[in-house]
Amino acid sequence: MSSIPLSAFLVLALILFCIGLYGALTKRNTVIVLISIELMLNAANINLVAFSKYGVVPDITGQVFSLFTITIAAAEAAVGLAILFALYRNRRSVNIDDYHSMKH
């Protein structure tokens, strides 16, 4: 029975996190920034589950933490999109540079 090595999971998580970090730091569209943050959280989830399986003492702790992270990510996405919709209604833009001040 062949198994995927831990290093493959870590490389995948690294690539996802780097893509998410690049998107969060360089893009000006707020929807893209929210998606980038979700990518970074998914990279953390991959690490949690991988270390849960391949750790010194394999157990379910990493998977439980991963479920908490998924719940927090879903709440973050819902609140972020709600704020984005409210800002779009007022400003008619999804560009981050247009939100530098909350003054109307």
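Colleague: At what angle do the axes of helix α2 and helix α3 cross?

Modeller: In this predicted model, the axes of helix α2 (residues 30–54) and helix α3 (residues 61–91) cross at roughly 175° and come within 8 Å. Angles over 145 degrees count as roughly antiparallel, so α2 is roughly antiparallel to α3.

Colleague: How do the residues of that contact divide into nonpolar, polar and charged?

Modeller: The contact of α2 with α3 is made up of 12 nonpolar, nine polar and two charged residues.

Colleague: Is Ser-66 buried or exposed, and in which helix is it found?

Modeller: Ser-66 belongs to helix α3. Its relative accessible area is 6%, so Ser-66 is buried.

Colleague: Which residues is Ser-66 in contact with, leaving aside its neighbours within four places in sequence?

Modeller: With those neighbours left aside, Ser-66 is in contact with Asn-45, Leu-48 and Val-49.

Colleague: Let us step back to the whole chain. How many helices and strands does the secondary structure come to?

Modeller: There are three helices and zero strands. Along the sequence, the pattern reads α-α-α.

Colleague: What radius of gyration does the chain have, and what would a compact globule of 104 residues have?

Modeller: The chain has a radius of gyration of 17 Å, whereas a compact globule of 104 residues would have one near 13 Å. Taken along the principal axes, the box filled by the C-alpha atoms is roughly 60 × 25 × 20 Å.

Colleague: What percentage of the residues count as buried?

Modeller: Of the 104 residues, 21% count as buried.

Colleague: And what share of the contacts between residues at least 6 apart in sequence join residues at least 24 apart?

Modeller: Among those contacts in the chain, the share is 53%.

Colleague: Now to the rings. How many aromatic pairs does the count come to?

Modeller: The count comes to one aromatic pair. Its members are Phe-9 and Tyr-54, whose ring centres are 5.9 Å apart; their planes stand at 45°, so the pair is tilted.

Colleague: Where in the chain are the two partners?

Modeller: Phe-9 is in helix α1 (residues 6–26) and Tyr-54 is in helix α2. The two are 45 residues apart, and the pair links distant parts of the chain.

Colleague: Why do Phe-9 and Tyr-54 count as partly exposed?

Modeller: Partly exposed covers values between the buried limit of 20% and the exposed limit of 50%. Phe-9 counts as partly exposed because its relative accessibility is 25%, and Tyr-54 does so because its value is 26%.

Colleague: Changing topic to Ser-36: where is it placed, and is it buried or exposed?

Modeller: Ser-36 sits in helix α2. With a relative accessibility of 6%, Ser-36 counts as buried. Apart from neighbours within four places in sequence, Ser-36 is in contact with Gly-20, Gly-23 and Ala-24.

Colleague: What about Ile-37 and its separation from Gly-20?

Modeller: Ile-37 also lies in helix α2, and at 28% relative accessibility it counts as partly exposed. The C-alpha atoms of Ile-37 and Gly-20 are separated by 6.0 Å, although the residues are 17 apart along the chain.

Colleague: Finally, which residues is Val-33 in contact with, leaving aside its neighbours within four places in sequence?

Modeller: Val-33 is in contact with Gly-23, Ala-24, Lys-27 and Ile-96, those neighbours left aside. Val-33 is found in helix α2 and is buried, with a relative accessible area of 13%. From C-alpha to C-alpha, Val-33 and Tyr-22 are 9.4 Å apart in space, and they are 11 residues apart in sequence.

Definitions and conventions:
Residues are numbered from 1 along each chain as its sequence is written. This is a predicted model: local features need pLDDT of at least 70, side-chain atom pairs count only at pLDDT 80 or more; totals for chains, interfaces and linings use all residues. Side-chain values use heavy atoms; hydrogens and water are left out. Axes are lines fitted to C-alpha atoms, for helices over the stretch in contact, and angles run from 0 to 180 degrees between N-to-C directions. Helices (H or I, at least four residues) and strands (E, at least two) are DSSP runs, numbered from the N terminus. Angles under 35 degrees count as roughly parallel, over 145 as roughly antiparallel, 65 to 115 as roughly perpendicular and the rest as oblique. Ala, Val, Leu, Ile, Met, Phe, Trp, Tyr, Cys and Pro count as nonpolar, Asp, Glu, Lys and Arg as charged, and the others, Gly among them, as polar. Rings of Phe, Tyr and Trp (its six-membered ring) pair if their centres lie within 6.5 Å; planes under 30 degrees apart count as stacked, over 60 as edge-to-face and the rest as tilted. Buried means under 20% relative accessible area, exposed over 50%, partly exposed in between (1.4 Å probe, protein chains only). Contact means heavy atoms within 4.5 Å. The radius of gyration is taken over C-alpha atoms; the globule rule is 2.2 Å times the number of residues to the power 0.38.
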